[in-house]
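Grab a pencil and work through these exercises with the model open beside you. Each one gives you a task and then a worked solution, step by step.

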Amino acid sequence: MQTIIETVQPYVNTIVTAAAGVLTAFVLGGLNRLKTKVNVWLEARTTAAQREVIHKVAGEAFALAQTAFKEAGGERKLQEALQYTTLRLAEQGITVSAVEIRSAIEKAYLEYKAKTKSVLTNEEAHPS
């Protein structure tokens, strides 16, 4: 009986080592897939968070241009809002194109117009 165990022992060790290697490969492969999925999720989340910051700063820029440059024309207000937004985003390490910044400011403008039109429409319908 002892000789059979001694004869089979090297084969058992080889099989166990090979099984451990295969199991390790599967675990590492699974971890790599998980890492990829987490990175994609974080990338998407960061982009969403950055977009939120961009729109918030653009809204601030629009409000600043509307109040601080009341007498200025629309183009001057836009230039001031673009400058403010670019500087604020750079402070936060967010780099986006001028077109993206302008579109965020234009969106803030359209939202403002929609709100003021809604307020005026409601006041006309229900005078105090």
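The protein has three helices and zero strands. Keep in mind that this is a predicted model.

**Exercise 1: The overall layout**

Work out the order of the elements from the N terminus on, and find what share of the residues is buried.

*Solution.* 
- Step 1: Start at the N terminus and read along; the elements run α-α-α.
- Step 2: Now look at burial. The protein has 128 residues, and buried ones make up 14% of them.
- Step 3: Check how the chain comes back to itself. Take the contacts between residues at least 6 apart in sequence: 62% of these join residues at least 24 apart.

**Exercise 2: An aromatic pair**

How many aromatic pairs does a search of the whole structure find, and how do the rings of F62 and Y109 sit relative to each other?

*Solution.* 
- Step 1: The search turns up two aromatic pairs.
- Step 2: Take F62 and Y109. Their ring centres are 5.9 Å apart and their planes are at 70°. Planes over 60 degrees apart count as edge-to-face, so that is what this pair is.
- Step 3: F62 belongs to helix 1 (residues 2-68) and Y109 to helix 3 (residues 98-125), so the pair links distant parts of the chain, 47 residues apart.
- Step 4: Compare their surroundings. F62 has a relative accessible area of 11%, so it is buried, whereas Y109, at 34%, counts as partly exposed.

**Exercise 3: The largest pocket**

Find which residues line the largest pocket, and sort the lining by residue type.

*Solution.* 
- Step 1: The largest pocket holds about 200 Å³ of space.
- Step 2: List the lining: F62, A65, Q66, G74, K77, L78, A81, I105, E106, Y109, Y112 and K113.
- Step 3: Ask where they come from. Helix 1, helix 2 and helix 3 are the elements that give two or more residues to this lining. Helix 3 has the largest share, with five residues.
- Step 4: Sort them, and you get seven nonpolar, two polar and three charged residues.

**Exercise 4: The nonpolar core**

Which residues have the most contacts inside the largest nonpolar core?

*Solution.* 
- Step 1: This core has 13 residues, and the best connected inside it are I54, A81, L82, L89, I101 and I105.
- Step 2: Helix 1, helix 2 and helix 3 each supply at least two of the core residues, with helix 1 giving the most, five residues.
- Step 3: Zoom in on I101. Setting aside neighbours within four places in sequence, I101 is in contact with L82, T85, T86, L89 and V96.

Notes. Residues numbered from 1 in each chain as written. Predicted model: local features only at pLDDT ≥ 70, side-chain atom pairs only at ≥ 80, totals over all residues. Heavy atoms only, no water. Phe/Tyr/Trp six-rings, centres within 6.5 Å; stacked < 30°, edge-to-face > 60°. Helix = DSSP H or I, 4+ residues; strand = E, 2+ residues; numbered from the N terminus. Buried < 20%, exposed > 50% of the residue type's maximum accessible area, 1.4 Å probe, protein only. 1 Å grid on protein atoms, 1.4 Å probe; cavity = no way out; pocket = protein on both sides within 12 Å on 5 of 7 lines; lining within 4 Å. Points joined across faces, edges and corners; volume = space filled by probe spheres on them. Nonpolar A, V, L, I, M, F, W, Y, C, P; charged D, E, K, R; others polar. Core = buried A, V, L, I, M, F, W, Y, C linked by side-chain atoms within 4.5 Å. Contact = heavy atoms within 4.5 Å.
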